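User: Please take a close look at the pockets of this model, with attention to what lines them. One connected account will do.

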There are 2 protein chains.
Amino acid sequence: MLIIGERINTSRKVKGEPVIENAVRARDAQFFIDLAAKQCEAGATYIDVNAGTLLEGEPDAMEWLVTTIQGALDVPLAIDSPSPAAIERALKVHKGQAMINSITAEKDRYNNVLPLAKEYETKLIALAMGDDGIPPDACGRMTVGRELVSNLTAAGIKIDNIYADPLVFPIANGAEFGLAVMDTIRTFKAEFPGIHASAGVSNVSHGLPQRKFLNQAFTVMCMTAGLDAAIIDPMDKQLMALVYATEALLGHDDFCMTYLEASRAGKFE
Amino acid sequence: MLIIGERINTSRKVKGEPVIENAVRARDAQFFIDLAAKQCEAGATYIDVNAGTLLEGEPDAMEWLVTTIQGALDVPLAIDSPSPAAIERALKVHKGQAMINSITAEKDRYNNVLPLAKEYETKLIALAMGDDGIPPDACGRMTVGRELVSNLTAAGIKIDNIYADPLVFPIANGAEFGLAVMDTIRTFKAEFPGIHASAGVSNVSHGLPQRKFLNQAFTVMCMTAGLDAAIIDPMDKQLMALVYATEALLGHDDFCMTYLEASRAGKFE
C-alpha cells in the first residue's frame, strides 16, 4: 500500500487560518521539513505537495517546496497541480521517482502533462474525467478511464506507473457512490493487469459529521476492492492502524510481520 | 446489519476474574439487566447468552438468564450453546423470535438442534463444520456449508432464518484466512439467495497485539463481502461507528439518516 501524505496543501486551513499557505509565502523551510518528516514517520511513502492557492506564484513555490523537503529528507513527492508549468518546475529539481497528481482525459491537460510524465518517468495519477466533466456513474467513468489508460500505455507510459483514480464523490449526495468507486477499482484492475488504483478517499465524507469514521471505513473497503494507493492523512493513527490491519487481513503481510513491527513501534495510538 | 452483543458469556474474564460466571452463580439479576441494556443502547439488536462454563448447571442458568433479561428488556436473545437441553430450556421461556447459536453438520448436533429450530421458528446460525471437524480451506468449508444449508431448507427452515457462518480462523496462523472468509461469505450469498451471513469476527485477531484494529478492519471487510450479522462487542464505540459508516457506504442507509442519528445520539465516541 502506497500512502500519499496529504498535509502539505495550501488550501488546507487550521482553525480557519491558511497556515500552509502562509508558511509557503514566508518560505518557512523548517515548517515543511517538519511536516514532511512527521508524515514519513507515520508511514507515508510519498508526500503530496500542493501550492495551488498561490496562483501565479505556484511554480516558484513548487520548486522551493521540492528542494526544501528533499534537501532534508530522502522521500519522493507527489506533485499535485493541474498546471504543467508548476509540475515542470518541480520535476526539474526532484530527486528519485516523482509522482504527478494528476493527468486527466481533458485534451489540454493530457497533451501538456503527458510529455512531462514521459520525460521524467514519473508515477502518474490518472483521473477518470474528460472535457465533458466527471461522468456521474461508474459506467461513464470507466468509459473515460479506459480510454485514458489505453492512450497512456499506447504513448509509452508503463502500466506499473499508472495509478487510476475513480474519483470519489460524497456519499451524502448519493447512496450508490461508495459502491460505484469500488466497482470502478475492481474493473480497472481486472481490465488492466499491473495497473494501480488510487483515490482521495476523504471526499466520501464531505458534508457529514465525524468524517473520520467514514474515511476509515471507506479506506478499508476500497483496499478490499483492490486500492493500492491512497491520499490520506497518515497522522491519523487510527486510520493507519486500520491500513496495516487490512494489509494483513488481505494476505499481503506474511506472518503479520509489518503489522507487528508497526504495533511495537507505537504507530497505532 | 444485525449486531449480536457478545458480552454475556460465562467464559469471558475481566482482569483474570470470571465475573460473568460469578454473577450467574450468584443469580445477580441486576448485573445482567444492566449488561444487556448497555449493549442494546450501544446498538445491539440481539443479545448473545452463553453459560457454557456452568456445565451441568447450564440449562438452569440459561432459563434464568432468558427470563431475567426479557423480564426487564424487550430484546430477543441468541441462545449460545451446543447443548440441546440448554437450548430447549431457554426457548421454552423466550419471548419473540430467538436465535440459536448454533447448529452444525455434526450428526448428533444437527439431529438434536434442528427440531428445536423448527418448533420455535428461530433464527439459526449454521456453522460450516461437520463430524470431521472444521475443513481447513474455503473450498472444504463451502462443501460442508452447502450440504448443511441444503439440508436445513429441505427440512423446512426458511432461508431468511439461516445465518451461515464461515468460521473465522486467526490471521496469525495463515495469511490466506481472511480472504477465505470473505470468499465463503460471497459464495454462500450467491448460491443461496435470501440467506444471511454471520461471523464471530474477533477470532481473526487471536494471538496478535492491539486486536481491536484487526477486528474493526475485518468487520468492515466482511460487511463489504456481504456479512449482515456479526457477534461483536457493541460497547466498542469505534467499532460501532465503523459499522454505521460501512452501512452508509454500502448504500444501505438512504441519505445517511441512520448514520446521522447515531452520530447525533453520541454513539460514536
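Analyst: The lining of the second largest pocket is made up of six nonpolar, nine polar and seven charged residues. The model is a predicted one, and this pocket has a computed volume of about 610 Å³. Its lining counts 22 residues, and those nearest the centre are B:Asn9, B:Asp80, B:Gly200, B:Asn203 and B:Ile231. In chain B, strand S1 (2-9), strand S2 (46-50) and strand S4 (99-103) are the elements that contribute two or more residues to this lining. By domain, at least three lining residues come from domain 1 (1-96) of chain B and at least three from domain 2 (97-235) of chain B.

By class, the lining of the largest pocket splits into ten nonpolar, eleven polar and ten charged residues. At least two lining residues come from each of these chain A elements: strand S1 (2-9), strand S2 (46-50), strand S4 (99-103), helix H8 (211-225) and strand S8 (229-232). H8(A) gives the largest share of that lining, namely four residues. Because domain 1 (1-96) and domain 2 (97-235) of chain A both supply lining residues, the largest pocket lies between the two domains.

Notes:
Residues numbered from 1 in each chain as written. Chains lettered and ligands numbered in written order. Predicted model: local features only at pLDDT ≥ 70, side-chain atom pairs only at ≥ 80, totals over all residues. Heavy atoms only, no water. Nonpolar A, V, L, I, M, F, W, Y, C, P; charged D, E, K, R; others polar. Domains from an automatic or database assignment. 1 Å grid on protein atoms, 1.4 Å probe; cavity = no way out; pocket = protein on both sides within 12 Å on 5 of 7 lines; lining within 4 Å. Points joined across faces, edges and corners; volume = space filled by probe spheres on them.
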